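Subject: Structure handover

Hi,

Here is the structure I promised. Please open it alongside this note; my findings follow below.

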Amino acid sequence: MQGRTYYAPTGGLPPQTQLLTDRAVFTEAYAVIPKGVMSDIVTSPLPFWDGTRAWILSRPLSGFAETFSQYIMEVAPGGGSDRTELDPAAEGVLFVVEGEISVAIGGDTHVMHPGCYAYLPPSSGWTLRNESSGHARFHWIRKAYEPVEGIDTPPPLFLDEADVTPSAMPGTDGKWATTRFVDPADLRHDMHVTVVTFEPGAVIPFAETHVMEHGLYVLEGKAVYRLNQDWVEVEAGDYMWLRAFCPQACYAGGPGKFRYLLYKDVNRHAKLGGFR
């Protein structure tokens, strides 16, 4: 974990003297949820989770982003769940930002610390406990897995960001790089969760406009992000939620690295729904 930080919310409540002016915004193409919004009063308990609360950052919304939900989970010492995922069709990714959790699946137990990633297939019966003496906080990204005849469901996967070499974007001299936990050519996977890193002053030099939905949680640093027609300042602890085809670009502001956890849906045909 050398040279990396992972911002985690701690809750609380702003004082009565605080001004209401903030950066929170919800538009037809994107939403920005600043870290200051993640207070105690917007958390939710979840069924069969002990000593746990969740900041639910996004969920499927018709006409907006429709493929995924993303939580930040906070689990107290001794807390957790033996019935974690109640939807048998849901796959999941966990990414730890603070503390330590133990995840059991298929007879094996994996201890995860900040920077650790887990892919959890649907109906895998995983359980989770915080057996440490401090609170644990982690992202839980959920998606309904889209099976394809002739392609297997991917197995569980546990990795540490520190053990994965980032892939530099072409022509950037490593100033823009992505830490990929899954091979992009592995069509068993229908979502990718990665860590994107920009060196100070690095940019996305064009307005990306594509079919993939995004959840972006800023782990470290600050930047100015282009979202649709707007430029928005973001910093560690902020969350950006983008529908498909929302134009996006950024300038990393420095003085340190700008890093975020990124979700996107991949490797499947576009659903035709009622247009058949």
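Let me start with a question: is lysine 35 buried, partly exposed or exposed? Lysine 35 is partly exposed, at 29% relative accessible area. Bear in mind throughout that this is a predicted model.

Salt bridges

Lysine 35 has a salt-bridge partner, glutamate 235. Their closest N and O atoms are 3.8 Å apart. The two sit in distant parts of the chain, 200 residues apart. Glutamate 235 belongs to strand S18 (residues 230-235). Lysine 35 is in the loop between strand S2 (30-33) and strand S3 (43-44). Glutamate 235 is also partly exposed, with a relative accessibility of 31%.

The search of the whole structure gave 17 salt bridges. Two more pairs deserve a look.

Take glutamate 161 and arginine 4. Their side chains form a salt bridge, 3.4 Å from N to O. Glutamate 161 is in the loop between strand S12 (157-160) and strand S13 (167-168), and arginine 4 is in the segment before strand S1 (25-26), so this pair ties together parts 157 residues apart in sequence. Glutamate 161 has a relative accessible area of 2%. The cut-off for buried is under 20%, so glutamate 161 counts as buried. Arginine 4, at 24% relative accessibility, is partly exposed.

Then there is glutamate 199 with lysine 257. Their closest N and O atoms are 3.8 Å apart.

The largest pocket

How much space lies in the largest pocket? About 790 Å³. The lining has 30 residues, and Glu66, Thr67, Glu213, Asp265 and Lys271 are the closest to the centre. By type, the lining splits into 12 nonpolar, 7 polar and 11 charged residues. Strand S5 (68-81) and strand S11 (136-144) each give at least two lining residues. S11 has the largest share, with 3 residues.

Best wishes

Methods: Residues are numbered from 1 along each chain as its sequence is written. This is a predicted model: local features need pLDDT of at least 70, side-chain atom pairs count only at pLDDT 80 or more; totals for chains, interfaces and linings use all residues. Side-chain values use heavy atoms; hydrogens and water are left out. A salt bridge is a side-chain nitrogen of Lys or Arg within 4 Å of a carboxyl oxygen of Asp or Glu. Helices (H or I, at least four residues) and strands (E, at least two) are DSSP runs, numbered from the N terminus. Buried means under 20% relative accessible area, exposed over 50%, partly exposed in between (1.4 Å probe, protein chains only). On a 1 Å grid over the protein atoms alone, a cavity is a set of points where a 1.4 Å probe fits but cannot get out, and a pocket is an open set with protein on both sides within 12 Å along at least five of seven lines; lining residues have an atom within 4 Å of a point. Grid points are joined across faces, edges and corners, and a volume is the space filled by probe spheres set on the points. Ala, Val, Leu, Ile, Met, Phe, Trp, Tyr, Cys and Pro count as nonpolar, Asp, Glu, Lys and Arg as charged, and the others, Gly among them, as polar.
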